[in-house]
Amino acid sequence: MSAITPLTDEMLRHRLDAALAQVNGVLLGKPRQVKLAFACLVAGGHLLLEDVPGVGKTTLAQALAATFDLAFQRIQFTSDLLPSDIIGVSVYERETSEFRFHPGPIFTSLLLADEINRATPKSQSALLEAMAEGQATVDGTTYELPKPFFVVATQNPLDLAGTFPLPDSQLDRFMLRLSLDYPDPAAERALLIGEDRRDVVATLRPRLDAEAIAHLRGAAQRVKATGALLDYLQALLAASRKHNDVRVGLSPRAGLAILAASRAWALISGRDHVIPEDVQTVFVPAAAHRLVPGRGSHREAIARAILADTAVP
């Protein structure tokens, strides 16, 4: 893979803008979702794409890998998938009389976990350690994963036959959950008369690399959040815990995820400080899937209600 060294902040800014433009040129009419995906990667999180088939979930993952020059692996999750199919397995070698570890597809920089809810909970859980700690343990030996390590998982919310819903502990590993939705008429017309998206992805050039991602992540952590901004975030967290339709509200870890995503969004927007609008932009994608609602309540609707009812200090 080619190496692209960010020499200055101005140069990195130019490359970041070029990266956004390139992915937006593939996933037409979805600038907000693309920018949120970038924010998730820059913040060091993982991304869950939940939508109907055929709206560009896989295309987005492939475009991100090509644009950031990241090693890419795809796992098609099915009911017969085993944890060893994801992590790898130790194989006995007769010549050396020793076991040798053969890494699985999880040892990559961008992992596409396609239709993750079609695998059993046992196989789903094979991602937990990797997503939380950037490592995988096999037969008592821990192996470090590449840096960065970014999981993009997809699931179809409508087709429930033969699926295993992700438990709350698994959902909590995803910093953001996005829905791409159908394209608007103009974007759909451009898709109909344009090149096949697979051909377009094949022509993409690296705009950033792993070193640039590390630089961006460091810069995002330095984005300022004032006391008043933190008061607003804490008010949102408290509101989620008191809401009548919520059985389990947002945890402190959820608050950290919202803050990290807000900082990354502010950085990508060209600011060195977080404003309330940044928190409002990332709140529903970062919070809705972490809420445990009461019977008959919808997570996203509750998150939007909490956001609407909580005043900015």
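Me: How many positive and negative side chains does the protein chain have?
Reply: There are 32 positive ones (Lys and Arg) and 35 negative ones (Asp and Glu), with His and the chain ends not counted. This is a predicted model, where local features need pLDDT of at least 70 and side-chain atom pairs 80 or more, while totals for chains, interfaces and linings use all residues. Residues are numbered from 1 along each chain as its sequence is written, and side-chain values use heavy atoms, without hydrogens or water.

Me: And how far apart are the centres of the two sets?
Reply: They lie 4 Å apart, placing each charge at NZ of Lys, CZ of Arg, CG of Asp or CD of Glu.

Me: New topic: how many helices and strands are there?
Reply: The protein chain has 14 helices and 11 strands. These are DSSP runs numbered from the N terminus: H or I of at least four residues for helices, E of at least two for strands.

Me: What does the C-alpha trace span along its principal axes?
Reply: About 70 × 45 × 40 Å.

Me: What share of the residues counts as buried?
Reply: Of the 313 residues, 49% do. Buried means under 20% relative accessible area, exposed over 50%, and partly exposed in between, using a 1.4 Å probe and protein chains only.

Me: Which residues are buried in H10?
Reply: Ala212, Ile213, Leu216, Arg217, Gly218, Ala219 and Ala220.

Me: Which helices do they pack against?
Reply: The buried residues of H10 pack against H1 (9–26), H2 (31–42) and H12 (252–268); contact means heavy atoms within 4.5 Å.
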